[in-house]
Amino acid sequence: MPIILDGKKISSQIKEELKEKVELLKKEGGKVPHLSAILVGNDGASQTYVEAKVRDCQEIGFESSKLVFDDSISEEELLAEVEKLNNDERVDGFIVQLPLPKHINVDKVLNAINPEKDVDGFHPVNYGRMASNLPAYIPATPFGVMEFLKRYEIPTRGKHCVVVGRSHIVGSPVSILMGSANYPGDATVTLTHRYTENLAQYTKQADILIVAVGKPGLITGDMVKDGVIVIDVGTTRVPDTTKKSGFALKGDVIFEEVSKKASHISPVPGGVGPMTRAGLLMNTWLAAQKEVYGKELV
Ligand SMILES: Nc1nc(=O)c2c([nH]1)NC[C@@H]1CN(c3ccc(C(=O)N[C@@H](CCC(=O)O)C(=O)O)cc3)C=[N+]21
């Protein structure tokens with residue numbers, strides 16, 4: 001049986017650590033971290049995630065606020081809201097929940113966020129700083145993946161890490177971090193994507209396989225080697241009438257098949273999802289302490 005990379009357990013540990021830090025901070029009369037979120041429209045998954053984020057903040061003693069807007073909000077109005085949060089001294093960090101309605105230019109909105117408050121790490125300045133191995137906000141999901149490797153003390157130096165999916169939010173940053181001169185990192189990285197020919201040829205070589213595509217069933221048992229470490233980032237909602245919610249959450253990896261060969265594997269749900277939430281809280285802590293920006297910035 002493989003070791004299960006337990007996102008619920010590890011994220012609880014991280015939250016407990018942050019909670020203790022907040023309590024200490026309060027005793028010393030310091031300012032409590034404040035995370036804010038902008039939510040546009042009524043996408044079900046987005047609503048769930050933002051609500052979970054507010055609950056997480058309450059749990060560990062952070063302050064939080066939520067700004068909800070109708071689908072009909074104009075790009076100009078949304079940019080004005082971003083600017084308000086940029087200038088609001090009470091708010092240490094904020095996120096604009098994605099996806100946004102089609103009439104809004106996502107890049108324009110993400111670019112408008114002050115990089116110092118960009119706890120999602122989506123601003124090009126943070127992406128560039130991360131790629132240059134300078135202090136930066138690491139996007140919450142890559143942060144969660146790295147924290148998994150760290151806390152399970154998985155060796156990465158010289159290992160072959162195969163990343164499936166090249167999104168700006170997960171696949172690409174994860175491939176940069178795994179190849180960087182850090183721990184976790186120092187790996188030999190192969191980044192595969194929708195145009196990769198014969199995907200299995202690469203996944204079979206992986207010592208560490210990180211899958212972030214959003215296609216349930218993509219990775220089957222015959223696509224991996226014995227002893228592989230698998231991190232499944234996919235979280236797709238598929239209709240399931242046996243569930244009260246009407247849907248089930250599915251990863252990209254067929255767990256029943258791949259877990260027979262893996263030495264470590266993360267499940268969905270209960271894997272990377274909760275770690276993503278912990279990553280956002282860690283970034284918010286860093287923002288409030290000015291541990292990324294506001295110190296000696298290169
Ligand atoms: N600006 C922005 N930042 C994001 O970080 C962001 C976003 N937009 N848009 C959507 C995606 C998706 N995402 C998830 C976070 C946590 C879970 C999570 O906690 N999942 C639980 C289950 C939750 C459930 O039951 O629905 C799990 O996997 O166990 C899932 C997905 C963050 N995203």
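Select E153 first, in the loop between α6 (140-151) and β5; helices (H or I, at least four residues) and strands (E, at least two) are DSSP runs, numbered from the N terminus. This is a predicted model, in which local features need pLDDT of at least 70 and side-chain atom pairs count only at pLDDT 80 or more, while totals for chains, interfaces and linings use all residues. Residues are numbered from 1 along each chain as its sequence is written.

E153 has a positive phi of about 50°, although it is not a glycine. With 7 other C-beta atoms within 10 Å, E153 is exposed. The burial classes rest on C-beta atoms placed from the backbone: a residue is buried if 20 or more others lie within 10 Å of its own, exposed if 12 or fewer, and partly exposed in between.

Continue to the loop between α7 and β6, where D186 is placed. D186 also has a positive phi, near 60°, and is a residue other than glycine. D186 counts as partly exposed, with 17 C-beta neighbours inside 10 Å. P184 has its place in the loop between α7 and β6 as well, and the peptide bond from Y183 to P184 is cis, with omega near -5°.

Next, select L191 in strand β6 (residues 188-192). L191 counts as buried, with 20 C-beta neighbours inside 10 Å.

Move to G165, in the loop between β5 (160-164) and α7 (171-179). Is G165 buried or exposed? G165 is buried, with 24 other C-beta atoms within 10 Å. UniProt (unreviewed entry) lists G165, R166, S167 and T235 under "binding site"; UniProt positions are given in the numbering used here, feature names are shortened, and annotations may be inferred rather than shown by experiment.

Colour the chain by domain: the assignment gives domain 1 (26-115) and domain 2 (140-272), with bounds from an automatic or database domain assignment. Their centres, taken over C-alpha atoms, are separated by 28 Å.

Now display the ligand. Of the 19 residues around it, I95, L98, P269, G273 and T276 come nearest; a residue is near a molecule if its C-beta atom, placed from the backbone, lies within 6 Å of it. Which elements give two or more residues to this shell? They are α2 (44-60), β4 (93-96) and α10 (272-288). Domain 1 and domain 2 each contribute at least three residues to the shell. By class, the shell has 10 nonpolar, seven polar and two charged residues; Ala, Val, Leu, Ile, Met, Phe, Trp, Tyr, Cys and Pro count as nonpolar, Asp, Glu, Lys and Arg as charged, and the others, Gly among them, as polar.

From L98, step to P99: the peptide bond between them is cis, with omega near 5°. P99 is found in the loop between β4 and α4 (106-112).

Finish on α2. Its buried residues are Y49, V50, K53, D56, C57 and I60. Seen down the helix axis, these fall within an arc of 115°, so they line one face of α2; the arc is that of the directions from the axis to the C-beta atoms. On the other side of α2, G44, T48, R55 and Q58 are exposed.
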